[in-house]
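Visitor: I would like to learn how to read the way two chains meet in a model. Could you take me through it step by step?

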Protein chains: 2
Amino acid sequence: MSTSSSAAFDAGRGPAEHDVRTQIIEAATAHFSHYGYDKTTVSDLAKAIGFSKAYIYKFFASKQAIGEVICTNCLAQIEGEVHAALEGVQAPPDRLRVLFTVIVEASLRLFLQDRRLYEIAVAAATDQWSSTQAYKGRIRQLIEEILKEGRASGVFERATPLEATSHAVYQVLVPYLNPVTLPHLSALHAESPTALQDLVLRSLAPQRK
Amino acid sequence: MSTSSSAAFDAGRGPAEHDVRTQIIEAATAHFSHYGYDKTTVSDLAKAIGFSKAYIYKFFASKQAIGEVICTNCLAQIEGEVHAALEGVQAPPDRLRVLFTVIVEASLRLFLQDRRLYEIAVAAATDQWSSTQAYKGRIRQLIEEILKEGRASGVFERATPLEATSHAVYQVLVPYLNPVTLPHLSALHAESPTALQDLVLRSLAPQRK
């Protein structure tokens with residue numbers, strides 16, 4: 001597609017603009033997936049899609065801005081899997097198990113299946129892009145909610161401060177959410193996939209007196 | 001030192017050989033620390049020390065073999081600090097706390113203080129050098145011994161299999177032993193330095209019935 005024909009997208013504002021953004025993201029995902037994120041410039045990308053560099057910059061401020069959207073899509077897919085798996089699971093200990101199991105498996109699959117897109121995930125984790133920070137914040141929140149439910153129903157202890165204990169559980173999980181640390185831990189995880197969740201659940205058990 | 005003068009080291013066998021090895025390791029540590037491990041070749045190193053490349057190869061089969069010794073020395077320093085700190089600490093829960101605290105602090109300091117030597121640690125962790133594998137095995141063993149002592153004295157639960165539970169505790173700690181994963185976790189650790197040990201100790205508490 002040439003720059004002149006792309007002017008059509010600007011005619012109607014909102015939805016057309018949304019379409020162009022989607023088109024750029026799809027083309028960029030395919031391009032990064034083939035040539036890698038690190039080595040690709042916005043010029044390379046523009047040439048490959050058939051847009052001018054200036055036209056791409058109308059929609060995205062930088063290569064990182066494009067990477068952020070791809071990263072957000074990837075994290076949204078992981079979160080989507082987690083929430084789908086949690087649907088209908090009521091007991092807080094089971095919910096915690098499902099969260100640990102699904103998020104680790106989905107992260108392993110999505111971060112590590114595509115070595116080229118993996119570069120985006122690494123840049124996002126290393127430079128602490130806002131998409132990954134927001135994602136981690138939501139997971140931390142989800143853990144706190146599950147703990148709250150468990151305390152309310154009496155299956156989890158209530159002796160420790162909720163926030164500190166949620167933080168600790170999140171800290172056990174977080175090395176498995178990060179694409180840089182994950183490959184260094186996947187062998188240990190494979191050796192015993194429920195070891196960490198067993199340990200965490202024992203730490204949350206109420207002390208019978 | 002020139003290659004001709006270094007022949008003196010070969011006169012007496014054992015201890016002289018040991019001296020040359022030490023001399024090469026010390027010079028290599030200084031050189032890597034200044035120029036980086038990744039970019040330095042054995043030729044660069046030989047030139048800097050004033051030995052011939054062939055002479056260095058008499059003592060070390062490869063650059064990695066030199067890196068392995070430097071890595072072993074670094075890990076021995078961390079372990080030395082851990083064992084010194086454990087001396088005189090009797091109660092198994094306290095021993096576990098000391099292990100967690102000292103090993104994380106020493107690793108942060110030693111792996112991250114020197115960005116150039118850090119490259120060696122990264123190569124060691126990424127390519128799973130035998131020095132790091134052996135080190136991790138000894139830490140795993142130490143955790144199992146502390147758990148065993150705690151079970152014998154009744155301060156830790158005995159309901160779970162010792163080996164599986166030791167594995168789980170080790171799995172909580174291991175992201176902090178690896179120089180690649182450590183920088184991604186240090187902020188979270190600083191936020192709450194005892195959160196993980198508190199969680200682990202609660203998971204080990206005997207259930208009172």
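**The axis and the interface**

Guide: Among the residues of chain A, A:Ser203 comes closest to the rotation axis, with its C-alpha at 1.8 Å. This is a predicted model, in which local features need pLDDT of at least 70 and side-chain atom pairs count only at pLDDT 80 or more, while totals for chains, interfaces and linings use all residues. Residues are numbered from 1 along each chain as its sequence is written, chains are lettered from A in the order in which they are written, and side-chain values use heavy atoms, leaving out hydrogens and water.

Visitor: What rotation superposes chain A on chain B?

Guide: Copies are superposed by least squares on the C-alpha atoms of residues with pLDDT of at least 70 in both. Here a rotation of 180° with 0.0 Å of shift along its axis places chain A on chain B, with an RMSD of 0.0 Å. That is the relation of a two-fold axis.

Visitor: How many residues does the contact take from chain A and from chain B?

Guide: Contact means heavy atoms within 4.5 Å, and here 35 residues from chain A and 35 residues from chain B take part.

Visitor: What area do chain A and chain B bury between them?

Guide: The size of an interface is often given as the accessible area lost when the parts come together. With a 1.4 Å probe and summing over both parts, chain A and chain B bury about 2900 Å², 62% of it on carbon and sulfur atoms.

Visitor: Which side chains meet in a salt bridge?

Guide: A salt bridge puts a side-chain nitrogen of Lys or Arg within 4 Å of a carboxyl oxygen of Asp or Glu. The rule finds 2 across this interface, including the one between A:Glu191 and B:Arg140, at 3.0 Å from N to O.

Notes: Buried area is the accessible area (1.4 Å probe) that two parts lose on being put together, summed over both.
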